[in-house]
Amino acid sequence: MGIRFVLLVNKQGQTRLAQYYEYLTLEERRALEGEIVRKCLARTEQQCSFVEHRNYKIVYRRYASLFFLVGVDNDENELAILEFIHLLVETMDRHFANVCELDIMFHLEKAHFMLEEMVMNGCIVETSKTIILTPIQLMDKAS
Amino acid sequence: MNPFSSGTRLRDMIRAIRACKTAAEERAVVRKECAAIRAAISENDQDYRHRNLAKLMFIHMLGYPTHFGQMECLKLIASSGFPEKRIGYLGLMLLLDERQEWSGLGLQDLNHSNQYIIGLALCALGNICSAEMARDLAPEVERLLQNRDLNIKKKAALCSIRIVRKVPDLAENFMSLATALVKEKHHGVLIAGVQLCSDLCKASTESLEFLRKNCTEVLIRILRDVSNSPYAPEYDISGVTDPFLHIRVLKLLRLLGQGDADASESMNDILAQVATKTESNKNAGNAILYECVETIMGIEATSGLRVLAINILGRFLSNRDNNIRYVALNMLMKAIAVDSQAVQRHKTTILECVKDSDASIRKRALELVSLLISDANVKPLTKELVDYLEVSDQEFKGDLTEKICSIVERFSSDKLWYIDQMLKVLSEAGNYVKDDVWHALIVAISNAPDLQGYIVRSLYKAFQTSSEQVSLVRVALWCIGEYGEMLVNGAGMLQGEEPMTVTESDAVDVVESALQYHASDITSQAMSLVALLKLSSRYPSTSERVKDLIIQHKGCLELELQQRSIEFSHILQKHQTIKSSLVERMPVLDESVYNEKKGSPSTNSIPAAKASKPVATGASLNLPNGVMKPTTAPIGDLLDLSSDDVPAPKLATNDFLQDLLGIDLPAAQSSGAAASGGSDILLDLLSIGTSFQSDSLPSNNVSNSQLNSSVVSPLDNLSSITSTSASLDIGVSTIGPVGLMDQKSRSPPSTATAPAIDLLDDLSNNMSLPGIESRDFPTITAFESSILRILFSFTKQPGRPQVTQIKATFSNKSFNTCTDFIFQAAVPKFIQLHLDPASSSTIPPSGNGTITQTLSVTNSLHGQKALAMRIRMAYKVNNQDMLDQGQVNNFPSGL
C-alpha cells in the first residue's frame, strides 16, 4: 500500500490534519496519534527522520511549528517520502503563499483537496504542483 | 458564496476551539457544536449542510465521534453542485469506512459529463470501496482507463489498484490496459500506471509473466528518458527530474527481474547508468540511488553491478546525514543475504553506528551487527559491544544486553570465553539480563567442572563492585553456595589468574550482604538463605554465624523466607546427621535437555517422549556416589518431566518443574499465573541450585494442605526415614508430585483414610489421587452418599478459559462391590458437555480403589455464569439396582 497515513501535528502535539488510507476506529486513531506524537516530537534535530513504530515506519519532517508525519510500510523508500513531504509543503506554499498552521486550520478542506490530488489509496498520483492545484483554483474562481 | 472558506461560522468554531485553554473547555465547545449540527441535520437544513460537514470534519480530526454526519455526506454527494459534491466526497472519505454502502451514487458520478466529478468519484472509490463494490464497478473503471482525459486515466489506474487488491481475480482484466498506460507520456499517468503494474505482479503469476514479457522494455525506456531528460520545471526536484517516477519504475523492475535472468540481463545497463550518473549530493538523488541499490540486490544482477551497489551503500554509511546512514544500514541488512563478504568490509563503520546518539540508527546497526557475526569475528565484535555496554544510554542497555547475550550464547562453544563475556554483561547490566539467559549460564557452569573454581572467584570479585545487578547477585549466590570451598582453597586455578585470598567468613559476608541488601527481592534473599545453608556445611567454622543469620529471618514477613528460615534452622540444629548429604553439590544439569527444552517449548505437550527417558537414566548413572541417589531420581525426572505423559501447560505444578530447569515457557507461565506465588518462587529457586531437600519441605506442605492431617513437623518425618529405601522416597516426594506420577502409581495405593503418621507415605498416597493435579481449583466433593463418594478435580488448558476438564473420581464406601456403574450428567443449555468412558464399571468396596471418568465442559458464558450440573449414578450392589441423583452446585468460582 505504501503510505498508510499522513498526519500534521503542531509543536504542542495537536492534530492539524489527518488522512488515513486504512480504516481505523476513532479510538485506534487517537491512540496511534498519541503514541506517534510522543515518539517523534521528543527527537532532536540531529536524529534521523525515521522512527519505527509498531510494524511500520514513520517518516517525519519539521517545518517551523508543524510536524509532517507520514506512516509508511517497511519496504517504502524513506528518502522519497521525505521528498514527498517537501513537495506537499511546497504545494501548500504555492497556494497559500507562505503557508502556516493557521492556513491549514482555517482551510482544512483545501489542504485535504491537495493531499487527495497527490495521494490516492496510499499511492502517489501526481507530483506536478500545477496539476495538483488546478482543480482547487478552478473552484476558487467559480465561487 | 464559497461554502468552504467564507462560512463565518466555521471560522468562529475553529477560533472558539483554538481559544480553549483546557481539554475540558474544548470538549464543551465541541459538544455544543455537535448539538447544533445534529439539530440542523434533523431539520434537514439544506443551506448549511456543506458548512456543517466541514465543521464535522474538523471535529473528527480532533478525535470526537461524528458518525451522525455520515448520511449528510451522502446527501451532499447526491446534490448537483460541484462544491457540495466536493465536500461531500471529502467527508465520505474521512468519516466513512468501506462498510458503508454508497455504490449507487458512485456509479452515477462515474458516468458524469464533468471530468472533475468523475475524478472525485474515482478517488473516493479508490480510497474506500469494498470488495463487493469493487466487483460491481470494475467494468466502469476499465472503461474510464481508456478515457482520453489524463486526469481521469491516472485516477482510474489507482482505483484499479484498489479493485485488484480487493478482488485479485479481476487482475487479468486489467493486464493489457495497464501495459497501455505505461506507454503514455504524462507523468501522472505513468506513475499511476507503473503502480498498477506492480500491484498486478503481486496479484497473480500470470500477470507477472505477462507484464515481464510486455513491459520490461517500455519501463527501461521510461527510466532512460526520465534520467536523461533535460530540465523539466514541473517535475524537477532539486535538479533531479521526477524522483518519484524513477523510484516507482525501479520498484517495478525489481519485481520483474526477481528470479528471471533474461529480464535482469536487459536491465543491467540502465541500472548501471542510474547508479553511476545520479547526483548523490541531494536527498532526491540519494532516494533514487537507494532504490536502485535495492533493485540491484533484488534481481539477478551481474557481480560488477553488485559491487557498484555495495559501494554506494558504503558511501552512504560514511555520510554525515543521519537519514542516509539509516537507509544504508537498512539496505545492508538485505544485502547481507546476497553478498555477506562485501558487507563485512564495512564492519567497523557499522560498529560505530551502534554507538550513535540516534536511537533509530543504533537499533538498525545492532541488528546488522548481530547478522554479521561469524566464528571468525565474534570475539572482537563482542568485545566492542561489551565495552560499549559500559557507556551506553540506560534505555539502550536492554536491547544491547539482549543482543550480546544471544550472540554469546550462539557462540558458546568456547566455554571460558562464553563465561567471561557473561560475567562482564552480568556485572555491567545484570538488571537487564533475562531470566532464561542466566539460567542457561548456570547450566553451563555446572557442566564446566574445570572452570568452576575460576568462576566462583570471578563472581566473588564482581560481586564486590556490582552488587546492585540482580542477576549477577543470583548467579554469584548460586555458585558460592555450590562451589564455596573452591572460593577459599583456590582450587582449579587457571593460568594467568590472579591469586586471591578469601576467608570463609569473607564468603559468608558476601552472602550476608545480599541477604540484608535493602533492594534484594524475595528470590535473591531466598537464594541467599540456601547458599548460607550450603556454606554451613562447606565451612564448618562459620556454622554458628550462619545459624544466627538464618534464624534472624524467623520472623520475616515474607512467608517464603520465614518458612525457609525456620526449616533450615531446624536442619542446622537437630539434623546434623543428614545435613551433609542434604546440601551436597547439585548434580550436573543436562545441557542438551535444557537447550532442547528451550529451543522447542512445543515439545512439552508431546506425551511420553521416549527419547527423554534414556536421558534421565543417563543422568543418574553419571552420579559420582551412592549418597547422591536420592537427588538423582528427582533430577532425572525433572529433566524428563515436561515431555512426560502429564499434559504440561495445564498443571501449575508442572510450571514449577519447568522453572526448576529455568525454562520459562510462555505458555507455562500464563497458566502458572493462577498458581500460588509463593510456591512458584520456591521452585524457581530450587532450579537454581537449592539442594532438593531444602525445598522438599515447603513443597510437601503445599501438596499436603488439603490433607490437614499431619501436624507433625515434616522434618521429624524426614529424619525418621533415613534408611535407604525411604531415602529414595524423600527424593521422590521432594520434587513435587507430578513428575513422579508414573512411578508412584505403580506402587500399590494404600488406604486414603488411614491416619497420616508417615508423611511421605501419606504423600505418595495422595499423589495417586488426581486431586493433586489441579492447583488452580480446589477439588470438590460433588456427591456423597452412604455408598458412593464422587470427587471432582479441575484442570484448564491455557488460552481456553471456557473449557474445563473435570476428572471425576468415584469411590465406594460400602463393603460390597458396585458393579455396572454408569455415571450420567446433565448441564444447562449454555454449557456443552462431553463424557469420556469411565476407567471401569466396577468400584471395589471399602474405598480400596477408585474409578475415574473425564468430563470435558465448555462454558459458553464463561465469566458470566457459573457451572451447574445434575448427575445420576446407576449401579448394582449385590445385584440390586441402585440409583442416586444429585445436583452439583459447589463448583469453584471461575470455571
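Mentor: In this predicted model, a residue is called buried under 20% relative accessible area, exposed over 50%, and partly exposed in between.

Trainee: Is B:Asp393 buried, exposed or partly exposed?

Mentor: The relative accessibility of B:Asp393 is 32%. Because buried means under 20% and exposed means over 50%, B:Asp393 counts as partly exposed.

Trainee: With which residue does B:Asp393 form a salt bridge?

Mentor: The closest N and O atoms of the pair are 3.2 Å apart, and a salt bridge requires a distance within 4 Å. The salt bridge partner of B:Asp393 is B:Arg362.

Trainee: Why does this pair tie together parts of chain B, and how many residues apart are they?

Mentor: B:Arg362 is buried, with a relative accessible area of 3%. B:Asp393 lies in the loop between helix H21 (378-391) and H22, whereas B:Arg362 lies in helix H20 (residues 359-372), so the pair ties together parts whose separation in sequence is 31 residues.

Trainee: Which residue forms a salt bridge with B:Lys403?

Mentor: The closest N and O atoms are 3.7 Å apart in this pair. B:Lys403 lies in helix H22 and its partner in helix H20, so the pair ties together parts that are 36 residues apart in sequence. The partner counts as partly exposed at 31% relative accessibility; the residue is B:Glu367.

Trainee: In which helix of chain B does B:Arg538 lie?

Mentor: The side chains of B:Glu485 and B:Arg538 meet in a salt bridge (3.5 Å, N to O). This pair links distant parts of the chain, 53 residues apart, with B:Glu485 in helix H26 (residues 470-489) and B:Arg538 in helix H28 (residues 522-538).

Trainee: How many salt bridges does the structure hold over all chains?

Mentor: Side chains of opposite charge can pair when their charged atoms come close. In chain B, one network of salt bridges links B:Lys251, B:Arg254, B:Glu291, B:Glu294 and B:Lys334. Over all chains, the number of salt bridges is 46.

Trainee: How many salt bridges are found across the interface of chain A and chain B?

Mentor: One salt bridge joins the side chains of A:Glu126 and B:Lys154 (2.7 Å, N to O). Across the interface of chain A and chain B, the number of salt bridges is seven.

Trainee: How much area do chain A and chain B bury between them?

Mentor: The size of an interface is often given as the accessible area lost when the parts come together. Here 60 residues of chain A are in contact with 68 residues of chain B. Of the area that the two chains bury between them, 56% is on carbon and sulfur atoms, and the value is about 5,800 Å².

Trainee: Which residues of chain A lose the most area to chain B?

Mentor: Three residues together account for 12% of what the chain A side buries. They are A:Leu79, A:Phe106 and A:Met120.

Trainee: What is the volume of the largest cavity?

Mentor: The count comes to eight cavities of 30 Å³ or more. The lining of the largest cavity divides into nine nonpolar, three polar and four charged residues. Both chains contribute, as helices H4 (108-118) and H5 (129-142) of chain A and helices H5 (82-95), H7 (115-128) and H9 (150-166) of chain B each supply at least two lining residues. The volume of the largest cavity is about 170 Å³.

Trainee: Is A:Asn121 buried or exposed?

Mentor: Phi of A:Asn121 is near 55°, a positive value in a residue other than glycine. A:Asn121 is found in the loop between strand E6 (119-120) and strand E7 (123-124) of chain A. At 2% relative accessibility, A:Asn121 counts as buried.

Trainee: Is A:Asn98 buried or exposed?

Mentor: Phi of A:Asn98 is near 60°, a positive value in a residue other than glycine. Its place is in the loop between helix H2 (78-96) and helix H3 (101-106) of chain A. At 66% relative accessibility, A:Asn98 counts as exposed.

How values were computed:
Residues numbered from 1 in each chain as written. Chains lettered and ligands numbered in written order. Predicted model: local features only at pLDDT ≥ 70, side-chain atom pairs only at ≥ 80, totals over all residues. Heavy atoms only, no water. 1 Å grid on protein atoms, 1.4 Å probe; cavity = no way out; pocket = protein on both sides within 12 Å on 5 of 7 lines; lining within 4 Å. Points joined across faces, edges and corners; volume = space filled by probe spheres on them. Helix = DSSP H or I, 4+ residues; strand = E, 2+ residues; numbered from the N terminus. Nonpolar A, V, L, I, M, F, W, Y, C, P; charged D, E, K, R; others polar. Contact = heavy atoms within 4.5 Å. Buried area = accessible area lost by both parts, 1.4 Å probe. Buried < 20%, exposed > 50% of the residue type's maximum accessible area, 1.4 Å probe, protein only.
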